[in-house]
Amino acid sequence: MIVYEYPFNERIRTLLRLEDLHERFSFFVQQESPLQHHIALSTIFEMLEVAGRADLKSDLLQELERQRQTLLGFKTNPNVAPEMLDAILQEIDRVSTALMATQGKTGQHIRDNEWLMSIRGRTIIPGGACEFDLPSYYAWQQHPAEQRFADIIGWFGPLAPLFDAISIVLRLLRETGSSVKIDAQNGSYQQMLQGKSYQMLRLVIDPQLLAIPEISANKYMLWVRFTSQGGDLKPKAYEGDVPFELTLCNF
């Protein structure tokens, strides 16, 4: 099954973008080729661009504390497994403590590194990180894979608490909704939301249907229009009904 996610606000949009970048980074940093490590380092630079909002850290800390207080309210609920509740509370405490311990603006340690910033400035230019542009960077790329890996992990290290916080916030958000099975008649579905605010939408669909959802939503209405695409042709309206699962998530 394919899962599509749609953010209802800019805050969740930012978290999803950072999560996507972290997944890319985690894959390429584990590889051995200098070209793959170049992508991993470039992804760190992209993380700094997306995480540039000064209040992202405080937003995450406030959300973690809000979730902690909500979960504490389940302590006396006999239908909640105490072991699982204690585990998630401990994880929130650990992540919050690590995030609070981070100093300064997100990624400031990289901004203070002149060599890394010179690489960042060249990677913005298409093909700008060739050996004749950055001979010192090219020399670093010739180091053993283990050394390159250690260097990149060291540069990423101060960012890790931020991504741990993003991971737990998005995980808790995804667990809030209940899935509903829906059939989109003639490839289109609309739902009135009566002004209720949601944070994120999750849509699950069978890949064999070859249906691509185009989603638009606000606090009043949700609209999903399915399209299909063959080869390199422009997507066209899907012909037929489309069964899918819909989950609306909100803290």
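Here is a walk through this predicted model, from the overall chain to the sheet and then to the helices.

Let's start with the whole chain. The protein chain holds nine helices and eight strands, and its C-alpha atoms fill a box of roughly 60 × 55 × 30 Å along the principal axes. Of the 251 residues, 37% are buried. If you look at contacts in the protein chain with a separation of 6 or more, 74% of them link residues 24 or more positions apart.

Strands of a sheet pair through backbone hydrogen bonds, either parallel or antiparallel. Here, four strands line up as β1-β4-β8-β2 in an open sheet with antiparallel pairing. At the edges sit β1 (2-7) and β2 (180-184), each with pairing on one side only. From one strand to the next, the twist averages 30 degrees. Further in, β4 (residues 200-205) and β8 (residues 242-249) run antiparallel and share five bridges. To get your bearings on that pair, find Arg202, whose bridge partner in β8 is Thr247.

Helix α1 (residues 10-29) touches β1 and β4, and its direction makes about 140 degrees with that of β1. Helix α9 (residues 160-174) touches β1, β4 and β8, with its direction at about 70 degrees to that of β4. While you're at α1, have a look at Thr14, which is found in that helix. Its relative accessible area is 7%, so Thr14 counts as buried, the cut-off being under 20%. Leaving aside residues up to four places away in sequence, Thr14 touches Val50 and Arg53.

How do α2 and α8 lie relative to each other? The axes of α2 (residues 34-50) and α8 (residues 145-156) come within 11 Å and cross at roughly 5 degrees. Angles under 35 degrees count as roughly parallel, so that is what α2 and α8 are. On the α2 side, the contact is made by Pro34, His37, Ala40, Leu41, Ile44 and Met47, while α8 brings Ala145, Arg148, Phe149, Ile152, Trp155 and Phe156. Sort the residues of this contact by type and you get 10 nonpolar, one polar and one charged.

The packing of α2 with α6 (residues 114-123) has an angle of about 90 degrees, with the axes 11 Å apart. That angle makes α2 roughly perpendicular to α6. Here His38, Leu41, Ser42, Phe45, Leu48 and Glu49 in α2 meet Leu116, Ile119, Arg120 and Thr123 in α6. The residues of this contact divide into five nonpolar, three polar and two charged. Leu41 turns up in the contact with α8 and also in the one with α6.

Finally, zoom in on Leu48, a residue of α2. Is Leu48 buried or exposed? Its relative accessibility is 2%, so Leu48 counts as buried. Not counting residues up to four places away in sequence, Leu48 touches Thr106, Gly107, Ile110, Arg111, Arg120 and Leu159. One of these, Arg120, is an α6 residue in the α2 contact described above. For a sense of scale, the C-alpha atoms of Leu48 and Pro207 are separated by 34 Å, and the two residues are 159 residues apart along the chain.

Notes. Residues numbered from 1 in each chain as written. Predicted model: local features only at pLDDT ≥ 70, side-chain atom pairs only at ≥ 80, totals over all residues. Heavy atoms only, no water. Pairing = 2+ DSSP bridges. Helix = DSSP H or I, 4+ residues; strand = E, 2+ residues; numbered from the N terminus. Axes fitted to C-alpha atoms, helices over the stretch in contact; angles between N-to-C directions. Contact = heavy atoms within 4.5 Å. Parallel < 35°, antiparallel > 145°, perpendicular 65-115°, else oblique. Nonpolar A, V, L, I, M, F, W, Y, C, P; charged D, E, K, R; others polar. Buried < 20%, exposed > 50% of the residue type's maximum accessible area, 1.4 Å probe, protein only.
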